[in-house]
Amino acid sequence: MDVHDALRAICTTGEGYCWYCDQKLPGAEEAISTGWDVKRIEGERVASIILICPECNRLKAELGEEGLLRNLSESMTRITC
Ligand SMILES: [Zn+2]
C-alpha cells in the first residue's frame with residue numbers, strides 16, 4: 001500500500017483522525033509533508049486502515065506502542081480531571 005495515495009484518499013473523505021490521539025488529518029499535502037503515517041491492521045474479519053499523526057509516530061518510536069497508549073491515557077486523565 002502506498003502511504004501517500006492512502007493519505008490522499010482518506011483526505012477526500014474528510015474523516016481522517018489519528019488512531020491514538022484523535023487529531024484531525026490535515027490536507028493531503030500537509031499530511032504527507034509533516035509525516036502522517038498509514039497502517040493496515042488485519043482484523044479477524046476485515047482489515048482496517050489506521051492513521052498515525054507525526055507526534056504519535058514519534059512517541060511510538062520512542063516509547064513503543066504500550067508506552068504511547070499509557071502516555072495517552074495519562075494525558076486524557078489530566079484533561080478530564
Ligand atoms: Zn496522534
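Q: Which residues does Leu-7 touch, not counting residues up to four places away in sequence?
A: Keep in mind that this is a predicted model. Leu-7 touches Ala-28, Ala-31, Ile-32, Trp-36 and Val-38.

Q: OK, and which residues make up the largest nonpolar core?
A: There are 12 residues in that core: Leu-7, Tyr-20, Leu-25, Ala-31, Trp-36, Val-38, Leu-51, Ile-52, Cys-53, Cys-56, Leu-59 and Leu-68.

Q: Which elements give two or more residues to this core?
A: Those are β2 and α3, with α3 spanning 54-80. The largest share is from α3, at 3 residues.

Q: Switching to the strands: how do β1 and β2 run, parallel or antiparallel?
A: Antiparallel, with 6 bridges joining β1 (residues 37-42) to β2 (residues 47-52).

Q: How many residues sit between them in the hairpin?
A: The β1 and β2 hairpin has 4 residues between its strands.

Q: And what is the bridge partner of Asp-37 in β2?
A: Asp-37 is partnered with Ile-52. Ile-52 is also on the list for the largest nonpolar core.

Q: New topic: what's the phi of Asp-22?
A: Positive, about 65°, although Asp-22 is not a glycine. Most residues other than glycine have a negative phi.

Q: Where is Asp-22 found?
A: In the loop between α1 (3-13) and α2 (28-34).

Q: Why does Asp-22 count as exposed?
A: Because Asp-22 has 10 C-beta neighbours inside 10 Å, and the cut-off for exposed is 12 or fewer.

Notes. Residues are numbered from 1 along each chain as its sequence is written. This is a predicted model: local features need pLDDT of at least 70, side-chain atom pairs count only at pLDDT 80 or more; totals for chains, interfaces and linings use all residues. Two strands pair if DSSP finds at least two bridges between them. A residue is buried if 20 or more other C-beta atoms lie within 10 Å of its own, exposed if 12 or fewer, and partly exposed in between; C-beta atoms are placed from the backbone. A nonpolar core is a set of buried Ala, Val, Leu, Ile, Met, Phe, Trp, Tyr and Cys residues joined through C-beta atoms within 7 Å. Two residues are in contact if their C-beta atoms, placed from the backbone, lie within 7 Å.
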